[in-house]
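Here are my notes on the model you sent over.

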Amino acid sequence: MVIRYLPRSSSVRTAALAIGALVLLSTPVAAAEVPAEPAPPRPLPAYSSALLDRPGVQVRPGPGVPSVPDGVSALSWLVADARTGEVLAARNAHRPLPPASTLKSLFALTALPHLDADKKHLVTEHELDRVGEGSSMVGVAPGRRYRVADLWRGVFLSSGNDAVHVLAGLNGGWHRTVEQMRAKARELGANDTHVVSPDGYDAAGQVSSAYDLAVFGKAGLADPEFARYCSTRVAPFPAGGWSYPIQNTNRLLTGADGVAPYPGVLGVKNGYTSNAGSTLISAARRDGRTLVVTVMNPQAGGGHAVYEEARSLLDWGFAAAGHVRPVGSLLPAAKASARTAPGPAHAAVAQSVVGTPDEDSDWPAVLLVGAGAVAVLGGIVVAVRRRATVARRTDAGVELTE
């Protein structure tokens with residue numbers, strides 16, 4: 001019996017067609033004929049945001065974790081990881097309270113992206129007409145030109161309401177800026193905040209919360225421009241043909257007035273009004289971890305209590321981080337769920353790796369089909385190689401017989 005083989009190019013083409021047919025058979029065309037199984041339910045997050053809705057202190061410590069400091073008298077406070085957004089502990093996290101100048105953090109998050117830092121602006125008297133009585137001021141004067149960057153330093157260091165009014169005007173106006181700040185708060189998941197006055201000046205209905213202020217602090221630290229301004233200790237402020245130094249009013253940053261500076265502190269923003277009391281967003285970095293702490297209206301300890309209570313919460317946070325289960329997240333609900341639960345496309349895979357065996361699972365069939373496909377492909381490869389060898393021998397004048 002004489003066996004004749006196709007030319008070498010025809011053999012390879014035939015094998016390629018066979019492989020192509022196999023690939024086509026495994027495409028979603030065949031799968032479409034069979035109803036797809038519903039995605040398995042996503043597991044619950046490792047924490048419940050409902051804990052932050054409860055009054056009082058919320059913390060879930062592991063073995064050996066130090067107790068939350070007893071001496072924190074603030075009406076509301078929160079400790080969170082600034083990178084992951086995990087809330088390590090909190091008290092009355094969503095309690096609505098007046099924020100004072102810590103609200104300037106939201107103003108900066110809203111307006112910074114729209115204003116060129118190098119632009120120069122001639123200030124008019126009209127822009128300063130509505131600055132509230134008793135406001136903190138950096139010394140912006142009508143008839144002088146200021147760079148936008150100088151005005152921002154006036155906001156972050158001196159908490160200047162005069163600088164806020166000028167920047168809000170450049171941002172499209174006072175009312176437009178209020179609307180933008182409200183929208184920015186919703187975008188960040190800061191749903192406790194209601195903005196009336198962008199500078200944080202006491203106004204009816206203007207509130208925020210320890211949770212929302214931590215959200216603003218986390219977002220600000222992720223913005224290099226914001227982070228640079230809020231960590232600046234001292235800077236010159238122009239005054240016509242000369243300048244004078246302005247110092248950051250955050251005493252944890254500067255160590256002023258007998259308050260010891262906190263090691264690794266990054267800012268962020270402090271505030272005070274007679275209605276709000278003292279408020280503070282503070283952040284610090286240690287051993288590669290960054291924490292954000294918010295403190296609202298301490299009830300004891302005098303004017304510097306807000307700094308000392310923030311210090312004790314930062315100390316506790318660095319000692320407890322990695323040893324407590326989070327009680328919530330600073331991320332919006334959808335993003336928090338995405339970080340803690342596999343998506344539909346990966347849920348079945350995750351279950352097969354870490355889940356318990358299931359007698360009704362389709363995975364044995366899937367594995368068998370996959371193994372069969374591999375075997376077929378392997379056979380085709382062997383056949384192609386064998387035919388290529390025979391073709392070379394035939395080209396050399398060798399004819400096989402049986």
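1. Let me start with Tyr 244, which comes out as partly exposed at 22% relative accessibility. The cut-off for buried is under 20%, so Tyr 244 at 22% does not count as buried. Its ring partner is Phe 237: the two ring centres lie 5.9 Å apart with the planes at 50 degrees, so this pair is tilted. Phe 237 itself is buried, with a relative accessible area of 0%. Keep in mind throughout that this is a predicted model.

2. How many aromatic pairs does the structure hold? There are seven. One to look at is Phe 107 with Trp 152, where the ring centres are 5.4 Å apart and the planes sit at 40 degrees, so this pair is tilted. Phe 107 belongs to helix H3 (residues 104-111) and Trp 152 to helix H4 (residues 148-156), so the pair ties together parts that are 45 residues apart in sequence. Both residues are buried.

3. Phe 107 and Trp 152 also belong to an aromatic cluster, together with Phe 156, Phe 226 and Tyr 229.

4. On to the nonpolar packing. The largest nonpolar core has 65 residues, and the members that touch the most others are Leu 78, Val 140, Trp 152, Phe 216 and Leu 330. So Trp 152 turns up here as well as in the tilted pair with Phe 107. A second, separate core holds 28 residues, among them Ala 74, Leu 280, Val 293 and Ala 310.

5. Helix H5 deserves a look of its own. Is it mostly covered or mostly open? Mostly covered: eight of its 10 residues are buried. The buried ones are Asn 161, Asp 162, Ala 163, Val 164, His 165, Val 166, Leu 167 and Ala 168. The cover over them includes H3, strand S4 (120-122), H4 and helix H6 (174-188). After H5 comes Gly 172, with a positive phi near 115 degrees.

6. Within H5 (residues 161-170), I'd pick out His 165. His 165 has a relative accessible area of 8%, so it counts as buried. Which residues does His 165 contact, once neighbours within four places in sequence are set aside? They are Glu 127, Arg 130, Val 131, Trp 174 and Asp 199.

7. Gly 134, in the loop between S4 and strand S5 (145-147), is exposed at 76% relative accessibility. Its C-alpha is 9.5 Å from that of Tyr 201, which is 67 residues away along the chain. Ala 256 sits in the loop between helix H9 (251-254) and strand S8 (265-273), and this one is buried, with a relative accessible area of 16%. Beyond four places in sequence, Ala 256 touches Gln 247 and Arg 251.

8. Now the confidence. The chain has a mean pLDDT of 81, with 71% of the residues at 70 or more. Over residues 340-377, though, the pLDDT is below 50, and the model gives that stretch 24 contacts beyond near neighbours in sequence. Residues 386-402 also stay under 50, with 13 contacts beyond four places in sequence.

9. Finally, the whole-chain numbers. The protein chain has 13 helices and 12 strands. Of its 402 residues, 44% are buried. Among contacts between residues at least 6 apart in sequence, 65% join residues at least 24 apart. The accessible surface comes to about 20800 Å², and carbon and sulfur atoms account for 57% of that.

Technical notes: Residues numbered from 1 in each chain as written. Predicted model: local features only at pLDDT ≥ 70, side-chain atom pairs only at ≥ 80, totals over all residues. Heavy atoms only, no water. Helix = DSSP H or I, 4+ residues; strand = E, 2+ residues; numbered from the N terminus. Buried < 20%, exposed > 50% of the residue type's maximum accessible area, 1.4 Å probe, protein only. Contact = heavy atoms within 4.5 Å. pLDDT = per-residue confidence, 0-100. Areas by Shrake-Rupley, 256 points an atom, 1.4 Å probe, with all protein chains shown as cover. Core = buried A, V, L, I, M, F, W, Y, C linked by side-chain atoms within 4.5 Å. Phe/Tyr/Trp six-rings, centres within 6.5 Å; stacked < 30°, edge-to-face > 60°.
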